[in-house]
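Hi,

Here's the structure I said I'd pass on to you.

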Amino acid sequence: MKQIAIAGLGVVGGGVADLLVNHAAVIEKNAGEEVRLKAVFTRTKKPDSPFASYFVSDFSEIEKNPEIDLVVETIGGCSVALDVVTRALKAGKHVVTANKQLVAEHGLELFALAKANGVNFLFEASVAGGIPVLNPLTRCLGANEITEVSGILNGTTNYILTQMLENGESYADALSNAQRLGYAEVDPTADVEGIDAARKSCILSGLAFGKNVSPDDIHVEGISKVDALDAQFAEAGGMKIKLLGRTLVQNGKRFCFVSPHLVKSSALLAGVNDVFNAVCVRGSAVGEVLFAGPGAGRYPTASAVVGDIIDIVKNPGRMQPAGWEACAEKPADFSQFHARFYIRVPESEKEAMERQLGKITWLPARAGYLAGVTSPIEAGRAIGASPRPASAWPIFE
Ligand SMILES: NC(=O)c1ccc[n+]([C@@H]2O[C@H](COP(=O)([O-])OP(=O)(O)OC[C@H]3O[C@@H](n4cnc5c(N)ncnc54)[C@H](OP(=O)(O)O)[C@@H]3O)[C@@H](O)[C@H]2O)c1
């Protein structure tokens, strides 16, 4: 029998506790032994909680309890969560987390700590919630030289863009609807400005290419500058606007960035709407595979957490090779990324733009603006030439 403690009993932690208690039989069958919830560390005691009898208010009780084999961290952020995870690993307990910020910003030190203490540190739920991506990337696709991992990594922004494109809503209306439905936080900055997708992209980049990427070192543009006119132009051009987090190797250079993209309507990623996430992996042997499904939510995310727990319980003593190494070399600057770009300019700028960027395939003008797709150029040129820099977005193909 293995005993589990959960730190943080909110949306995800509550779901994990529920699965451990109420899906105990299937978890035992798949893990090969009983997996029992032993303690829950919370900030506030909630007497009405079905898990109230497990509550402890001092993490030392978990840290010092030799009966606890594994700690699930679902607090979020990097202050208390980092303290709890560090203490658990040092106490020789495996850790499973859903916390992308923690993994993106402190992954290196936590991998080293897990290794030094002979325990595992797994984080499948930190990217794309319930969709199994990290495990397949590092194991099932292990025969491949990975060339690209790109995805719709944030459900809130995908919902907003879908509402704008499919239902003609303005950005402001789509955002307020997302908040009303509980998809977006009251402060939506981390989602709409691409910060959340950036953390996930750094994790995917680390696993795909084995080198640490700091969220501070990558180009990040969210969706706050996408407007209804861009959505109309995309539609007219047979494309969708998607916020993509991408990491790839191009001409020997490693890239990692987050940006709105235009995606051909026929592409797999274009069909992923609303709060769903999807990750497209390109590998030397497999070609292209798409992982899609619920990228967040109580039970989808808890499902990924419990999957990691089962993996650890089932493979006692096996150190999971999940992680990456320190790397002095930062990813290549986004300005060097070579692609076709969507640009949008006032009609009067047409000739000037063609002189600077070469051949552009223009769409019919709307509201005094022209939008078009350039031939392949470097991002720096596209952004530098555009009078409205935010509207030079790569075409995903
Ligand atoms: N929600 C999702 O769909 C989702 C999906 C994928 C990954 N994640 C990640 O999962 C993690 C948890 O997210 P969540 O949505 O479950 O958050 P949440 O609902 O806000 O839950 C956080 C929990 O941590 C507790 N907590 C906060 N500060 C604490 C402290 N100082 N000491 C002890 N407990 C503390 C909170 O207690 P109180 O109840 O007292 O506030 C709450 O129970 C985050 O890293 C998030 O990025 C979430």
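Below is what I found, starting with how to read the numbers.

This is a predicted model, so keep in mind that local features need pLDDT of at least 70 and side-chain atom pairs count only at pLDDT 80 or more, while totals for chains, interfaces and linings use all residues. Residues are numbered from 1 along each chain as its sequence is written, and side-chain values use heavy atoms, with hydrogens and water left out.

Let's begin with the ligand. Which residues come nearest to it? Of the 21 residues around the ligand, those are V12, R43, T44, K46 and G297 (a residue counts as near if one of its heavy atoms lies within 4 Å). By class, that shell has 9 nonpolar, 9 polar and 3 charged residues. Here Ala, Val, Leu, Ile, Met, Phe, Trp, Tyr, Cys and Pro count as nonpolar, Asp, Glu, Lys and Arg as charged, and the others, Gly among them, as polar.

T44 has a side-chain N or O atom 2.3 Å from a ligand oxygen. For K100, the distance from a side-chain N or O atom to a ligand oxygen is 3.1 Å. V11 uses its backbone instead, with an N or O atom 2.9 Å from an oxygen of the ligand. Taken alone, the ligand exposes 900 Å², and the protein buries 74% of that (Shrake-Rupley areas with a 1.4 Å probe; for residues, only the protein chains shown count as cover).

Now the aromatic rings. Rings of Phe, Tyr and Trp (its six-membered ring) pair if their centres lie within 6.5 Å; planes under 30 degrees apart count as stacked, over 60 as edge-to-face and the rest as tilted. By this rule there are 13 aromatic pairs. One of them is F123 with W324, which is edge-to-face at 6.1 Å centre to centre, with 80° between the planes. This pair links distant parts of the chain, 201 residues apart: F123 is in the loop between β6 (121–122) and α6 (134–140), and W324 is in the loop between α12 (298–314) and β13 (338–339). (Helices, H or I with at least four residues, and strands, E with at least two, are DSSP runs numbered from the N terminus.)

The cut-offs are under 20% relative accessible area for buried, over 50% for exposed, and partly exposed in between (1.4 Å probe, protein chains only). F123 and W324 also belong to one aromatic cluster with F111 and F121.

Most residues other than glycine have a negative phi. D274, though not a glycine, has a positive phi of about 55°. D274 sits in the loop between β10 (253–264) and β11 (276–283), and is partly exposed at 32% relative accessibility. A367 also has a positive phi, near 50°. A367 lies in the loop between β15 (360–362) and β16 (369–374) and is exposed, with a relative accessible area of 67%.

Cheers

Definitions and conventions. A polar contact is a pair of N or O atoms within 3.5 Å; within protein, one must be able to donate a hydrogen and the other to accept it, and residues adjacent in sequence count only if both atoms are side-chain atoms.
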